[in-house]
Amino acid sequence: MSKSATVPSYLRQRRVVLHIDLDCFYCQVEHVRLQIPSDIPLAVQQWQGLIAVNYAARKAGIQRHCTVREALAACPDLKLVHVATYANGEKEPKYHLNPSYATHKVSLDPYRRASALIFKIFQRFCNIVERASVDEAYMDVTEIVNSKLLGMFPNLDENSEAPDVDWANLGAIYENSETSFVPTDSHIDNNDKWCDWQLAVAAKLCAEIRDSIYRELGYTCSAGIAHNKTLAKLCSVLNKPNGQTVMRSSQTLGFMHSMPFQKIRNLGGKLGNVIEDVLQVETAGELWKFSVDELQTRFGRVTGAWLFGICRGIDSEEVVHRNVAKSMMAAKSFRPPLKNLEQIQHWATILGTELYTRVIDDFELNQRWPKNLVIHYRCVAQTAPRSKSCPFPRRGELFSPDTISTKISALFKSSAYAFPCVRLAASATGLNKDNSVGTIDISQFVAVRRDAGEDTATNSDHKINMHTHEIASTERQHKNLPESSLMKKQATLDKVLQQNCNQTLQETEAKIEDTRLSESCDKFNLSPGDIRRFFVDATASTDSSAPDIVPSDSSDTKSINEMSLCDKCNKMIPQDQWIEHKDFHFALQLQREDDSGRKLVLTTNNRSSKKRKTDISNYFKNRTG
């Protein structure tokens, strides 16, 4: 029998999650590279703007996205470091003294390489690592923690009495000042005390991970330790920089009560705006006045049940192992637009060099090789990007960046209606393990499929019915309890849920944007009131067979042009749109789950006796403006 099988059920049912976030990551990379003490004010510059500011510079009043002139006026001693850039003919990005937007291409390669080293350390400690961004990750350490607990308490069983936890040297332990929400230790049951032991062991492990990153790489990071992803994310910022915070179950309600609503995961974008506008709430605690039935009536069964739980710190979303990107892209926006092939060739050379460097780096780290080379381009008159693709050169055929650059130029020349070009990108897709490296495991040729007849709609309906039943049961039990007693039911609740050339170009693109919005709504068959309408700019695509770039008004002068592949829709998303794009998928997931079950029946205000079927889309009709 495995150790996990002997762990008491109340510990197996509690997930233990770490959220680790690097402190001012880009700045730290430059501090280490230049050997500059961390107390020296430093900012990372991109053209005439700042994309990262360290804590010493923040104290001087400098903020991210300040202009260089504004920053130097606030802090004359500020150390400015321009991001590395590619110039035509260079095989590697360099830190040029005076790079020009007209001739150079921003490179994030130094930060990606540093990130890869950090994630290698994560992998040494935990095999379930979810890459949230280039500088943060979630880790599910439940199995590791439970195994360590069995080693500490060999006789641990369902009836074992939990000793007191010594929280010294484990980081900050969140203590809420609103005592009406916090039970005394004598009112915390034995199971919750053992769950505190889970967090204590996880806190020690987290400290070891953070220490390894600092000793080996010289970077500090902050962390949150909790029983779910939402709480771990929220409390990881409480003791920045270079600190960690433990969120005990007994402190969760007090912590969430005054939490600004839109700081909660999946509620920081348009979805949160819609819900906040409808319910007129600003904090999570203000949502508590709505019963689960009220929330489900307004938003549907799934969304309503999720809202009921998340505002109380309840989140059952799993940590999904994902620590490497499935695709990579080099992109450049042009202002003014490119008008001839000579200009295209210049940028094809630079983009090809960057993509070559990243592919080789990835091969050395992960032994992966791309399947396809895809170019994405957009001209002023187009409402969406277009793409062309070809097989990526095999490993034995790729000896220099020129091979990729030549293919990029050839693909562009074969395209139609590509001028004037406002954006060009090249991506390597289909990254998979190169079978010519190392030993081939026969298991990789075997595909295991789920039963094609699995009734996912039925499963979803069963799941939400079970959740709704438990929520309703819990809510009934809470009605006559004082607020200080609510924490007594936390264990039960935890089971329940979960871009512009000139003025003319600006006007042209603004008209295109309006057209694209309308076309996108038509394409996805969204009614004017469907909540998903708020996210159509995150879904616009004309080619479902290849990754697309979501159109963006931002350019290299405003953003770092980091692109990530969304594994849910297979589209390349600019980093500055990533959070909102994830919010879209979250809203879509909730909508689909709700659509898969029974439709709610609501009574209209005008015809109290006439009922109609509705879902969350109908509720927002006439409220989108």
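**Salt bridges and a sheet**

Guide: Let's begin with Asp315 and Arg265, whose side chains meet in a salt bridge at 3.4 Å, N to O. A salt bridge here is a side-chain nitrogen of Lys or Arg within 4 Å of a carboxyl oxygen of Asp or Glu. By the way, this is a predicted model: local features need pLDDT of at least 70, side-chain atom pairs count only at pLDDT 80 or more, and totals for chains, interfaces and linings use all residues. Residues are numbered from 1 along each chain as its sequence is written, and side-chain values use heavy atoms, leaving out hydrogens and water.

Visitor: What's pLDDT, and what does the protein average?
Guide: pLDDT is the predictor's confidence in each residue, from 0 to 100. The protein averages 76, and 67% of the residues score at least 70.

Visitor: Back to that pair. Is Asp315 buried or exposed?
Guide: Asp315 counts as buried, at 7% relative accessibility. Arg265 is buried too, at 15%. Buried means under 20% relative accessible area, exposed over 50%, and partly exposed in between, using a 1.4 Å probe and protein chains only.

Visitor: Which residues are linked in a network of salt bridges?
Guide: Glu130, Lys229, Arg265, Asp315, Glu317 and Arg322. A search of the whole structure finds 23 salt bridges.

Visitor: What does the side chain of His227 reach?
Guide: The backbone oxygen of Arg15, at 3.1 Å. His227 itself is buried, with a relative accessible area of 8%.

Visitor: New topic: in what order do the three strands of the open sheet come?
Guide: The order is 3-2-4, with mixed pairing. Two strands pair if DSSP finds at least two bridges between them. Strands 3 and 4 stand at the edges with a single partner strand each, so one side of each has no neighbour in the sheet.

Visitor: In which sense do strand 2 and strand 4 pair?
Guide: Parallel, over four bridges. Val44 stands opposite Val81 in strand 4.

Terms used
Helix = DSSP H or I, 4+ residues; strand = E, 2+ residues; numbered from the N terminus. Polar contact = N/O pair within 3.5 Å; in protein donor to acceptor, adjacent residues only side chain to side chain.
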